[in-house]
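I record what I looked up, entry by entry.

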Amino acid sequence: MYTIKIKINDIPVEVEAGTTILRAAEKIGIKIPTLCHLNLHDFKVDHTPASCRVCQVELKGKGLITSCATSVYEGMEVFTNTQKALRARRVVLEMILSDHPKDCLVCDKSGNCELQSLGEQLHLRNVRFKGRMSKHPLDFSSQSIARDMSKCIMCRRCETMCNTVQTVGVLSNTGRGFDAVVDTPMHRPLQDTKCTFCGQCAAVCPTGALMGIEHMADVWRVLNDKNKFVVVQTAPATRVAIGEMFGMEPGTIATGQMISGLRRLGFDRVFDTSFGADLTVMEETKEFIDRLNNGGRLPILTSCCPSWVKFFEHQFPDLLDIPSSCKSPQQMFGAIVKTFYAKKIGINPKDIVVVSIMPCLAKKYEAARDEHQIENMHEVDYSISTRELGFMFEEACIDLTHLPKEKYDNPLGESTGAGVIFGSSGGVLEATLRNAAEILDKKPLQNVDFHEVRGLDGFKETEVEINGIKIKAGISCGLGNARKLLEKIRKKEADYHIIEIMACPGGCIGGGGQPFHHGNTEILQKRSEALYRIDKKSKKRVSSNNEAIKALYDEFLDNPGSSKAHQLLHTIYRKRNKE
Amino acid sequence: MCNNCNFNNLKYDSLESYISTLVSNSSSTTERQASLLPVLYKAQEIFGFLPEEIQEFIAAKLNIHLSEIYGVVTFYSYFTMKPQGKYRISVCTGTACYIKGAEKVLKRLSNELGIDEGEVTKGLTYSLDTLRCVGACGLAPVVMVNDKVYGNVTEDMVPRILKDCKEGKNE
Ligand code: SF4
Ligand code: SF4
Ligand code: FES
Ligand code: FES
């Protein structure tokens with residue numbers, strides 16, 4: 001790789017060939033505004049439609065060019081803040097805003113909207129152009145994703161996420177000219193499509209066009225209902241992200257503050273989804289070993305990600321028998337609360353409300369699936385995202401940074417490090433391998449760290465020898481990577497024993513319900529590292545050592561894989577329409 | 001084959017055999033995507049329009065997401081998702097035709113036929129649409145009936161154009 005010398009605003013810069021003007025300018029502290037452009041370097045996503053033109057700069061002798069899409073060349077001279085460039089950006093922004101509902105005060109995205117920040121950055125005080133306004137019906141059909149296309153600026157980032165990264169293929173540019181809009185096939189409500197509700201489109205949408213469906217009002221209602229006993233569970237990935245909404249550094253572990261915040265909101269019990277994760281490990285390990293020993297279908301695929309589950313139900317209906325039949329930690333947790341725990345504390349399960357705090361928008365859909373009910377009760381009543389919890393704290397005047405660190409309630413708040421790393425890609429597999437190794441080798445593990453399965457890479461693999469058997473394990477995150485693996489399995493070209501799949505790049509830490517990363521994937525890296533730090537510090541790092549789990553089996557479930565466990569903790573999958 | 005289809009299998013068969021001349025199981029994604037336009041063109045020629053079920057059929061055969069196909073169908077004004085009349089009347093509303101009075105011609109046609117732009121008469125005899133420049137600006141305003149071109153059209157020529165249809169001159 002050779003370097004190139006250019007000048008930006010008369011300042012010499014030397015960068016690698018192929019660098020864009022945008023990146024070169026960053027090196028000398030010039031942050032040119034962008035809008036349509038999205039570069040998720042760690043996931044090999046470079047979305048550069050160069051359609052919005054807000055990143056224009058002046059190239060000596062040439063005039064205006066887009067800095068996001070133009071690579072440097074030797075001797076190039078660029079000016080980023082000439083009057084011509086500034087005016088061009090302003091005019092472009094005014095044109096975009098001339099067809100944008102300017103209702104920021106009551107918009108979900110307010111405070112996180114890239115269009116809004118752009119207005120701030122350019123100090124726009126007036127929109128001179130008046131013209132026709134696009135009108136599109138709202139789509140609130142699903143449990144997970146809200147669509148308000150009148151706020152769409154046609155950057156088409158969502159299409160890149162849905163079609164290229166996830167290969168789900170629900171969103172497409174339709175129509176032309178002024179009427180062009182990102183839409184579902186045949187303009188169907190999202191609920192009636194093969195959308196997996198991964199929320200990756202909403203995670204990158206710069207405006208309020210794609211958002212999560214909110215369930216905060218339901219949670220406020222039950223918290224204020226004297227007749228309800230409200231139990232909350234917090235997913236592993238939420239504790240290392242929620243702090244960002246209160247100005248903490250990415251990667252801050254805010255478990256203790258989050259717990260005390262939840263108590264102040266009025267939850268009767270604050271429990272941990274990582275307990276559910278440990279339980280999932282117990283059941284899944286049992287299923288894995290059974291298949292391994294009895295010539296069952298291999299590889300076994302993990303099934304804790306609802307978005308991934310919906311993906312294979314639509315797109316690989318011929319492989320419905322390979323995923324593990326285990327429910328996800330969220331659902332296992334809910335099922336245990338409404339049976340075992342309700343009985344233990346002597347409260348009618350009909351008066352118990354289970355709320356989950358999830359990094360995910362698909363968890364809302366998962367909680368509402370028909371399969372996840374016990375005697376006509378939903379195992380989980382409401383699932384809200386990390387962002388929604390942050391909003392609830394804000395509304396209740398709770399500043400997380402000033403809260404004491406408290407601990408989870410017992411017994412469903414007890415977890416091991418293995419249950420916590422579920423939040424990062426590779427974590428479920430690592431947790432399962434730890435458990436399988438202990439069971440098969442019949443002795444405690446010497447080394448519980450499986451470093452090669454960690455990190456944000458879309459595909460990772462490892463081979464471990466357990467009790468004389470070589471176990472080949474694969475991990476993929478991002479549904480596009482999952483598709484490649486599934487196609488190999490379908491063609492019988494894959495010889496894995498066990499595979500973990502998460503729909504979101506990086507795993508749950510990068511879920512669609514997390515605080516926005518605005519394209520900075522370093523934040524995800526830090527969240528992931530924080531989870532492994534928690535694991536490292538945990539006294540117990542293998543799920544079967546969780547005392548509360550042991551007690552649960554002793555008092556209630558018998559053994560992993562028992563008929564009681566099957567009835568409560570396992571599920572079935574169904575074939576869904578190809579489109 | 002499609003379970004709830006409204007078309008006879010012969011039409012599907014002929015579309016399928018056309019598709020098999022363009023792509024096979026071993027075709028790359030690029031090849032399959034490149035074949036989409038000709039396939040849609042052929043499908044509209046065979047069925048007259050491209051409703052949901054035909055787009056789904058093509059999606060399955062070409063292994064392309066339905067969303068992508070729908071995007072293409074709604075992008076090109078040539079493709080239509082509604083059934084067309086036996087006589088497809090299209091008024092050019094490109095710049096030249098527009099300036100020379102295409103709007104008036106359109107209005108008159110709409111009055112005579114009792115339908116709006118984008119609609120079709122009962123019994124599927126006439127359908128009325130607008131087109132962007134058809135490249136015959138010298139003849140503006142231009143009206144096309146199926147493949148026949150009428151140039152320098154005035155409002156008053158509308159009854160004659162419809163009469164030509166009735167007399168079978170436009171088939
Ligand atoms: S919905 Fe959002 S991400 Fe998609 S094109 Fe519109 S503004 Fe961009
Ligand atoms: S939620 Fe995921 S699958 Fe659904 S439209 Fe968005 S990116 Fe596509
Ligand atoms: S950010 Fe460069 S054109 Fe949109
Ligand atoms: S504008 Fe009608 S033919 Fe060109």
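**Thr66(A) and its surroundings**

I looked up Thr66(A) and found that, not counting residues up to four places away in sequence, it touches Ala50(A), Arg53(A), Cys55(A) and Gln56(A); contact means heavy atoms within 4.5 Å. The model is predicted: local features need pLDDT of at least 70, side-chain atom pairs count only at pLDDT 80 or more, and totals for chains, interfaces and linings use all residues. Residues are numbered from 1 along each chain as its sequence is written, chains are lettered from A and ligands numbered from 1 in the order in which they are written, and side-chain values use heavy atoms, with hydrogens and water left out.

I placed Thr66(A) in strand E6 (residues 63-66) of chain A; helices (H or I, at least four residues) and strands (E, at least two) are DSSP runs, numbered from the N terminus. Thr66(A) counts as buried because its relative accessibility is 8%; buried means under 20% relative accessible area, exposed over 50%, partly exposed in between (1.4 Å probe, protein chains only).

**Backbone entries**

I then checked Ala50(A), in the loop between strands E4 (45-47) and E5 (56-59) of chain A. Its phi is near 50°, a positive value in a residue other than glycine. I noted that most residues other than glycine have a negative phi, and most peptide bonds are trans.

I found two cis peptide bonds to record: Asn410(A) to Pro411(A), with omega near 0°, and Ala140(B) to Pro141(B), with omega near -10°.

**Ligand 1**

I listed the shell of ligand 1 as 13 residues, the closest being Cys152(A), Cys155(A), Arg156(A), Cys158(A) and Cys205(A); a residue is near a molecule if one of its heavy atoms lies within 4 Å of it. For Arg156(A), I read a positive phi near 65°. Arg156(A) is partly exposed, at 31% relative accessible area.

**Thr130(B)**

I located Thr130(B) in strand E2 (residues 126-131) of chain B. A polar contact of 2.9 Å joins its side chain to that of Glu117(B); such a contact is a pair of N or O atoms within 3.5 Å, where within protein one must be able to donate a hydrogen and the other to accept it, and residues adjacent in sequence count only if both atoms are side-chain atoms.

**Interface**

I recorded 19 residues of chain A in contact with 17 residues of chain B. In chain A, Arg176(A), Met186(A) and Glu579(A) lose the most area to chain B, together 44% of what that side buries; buried area is the accessible area (1.4 Å probe) that two parts lose on being put together, summed over both.
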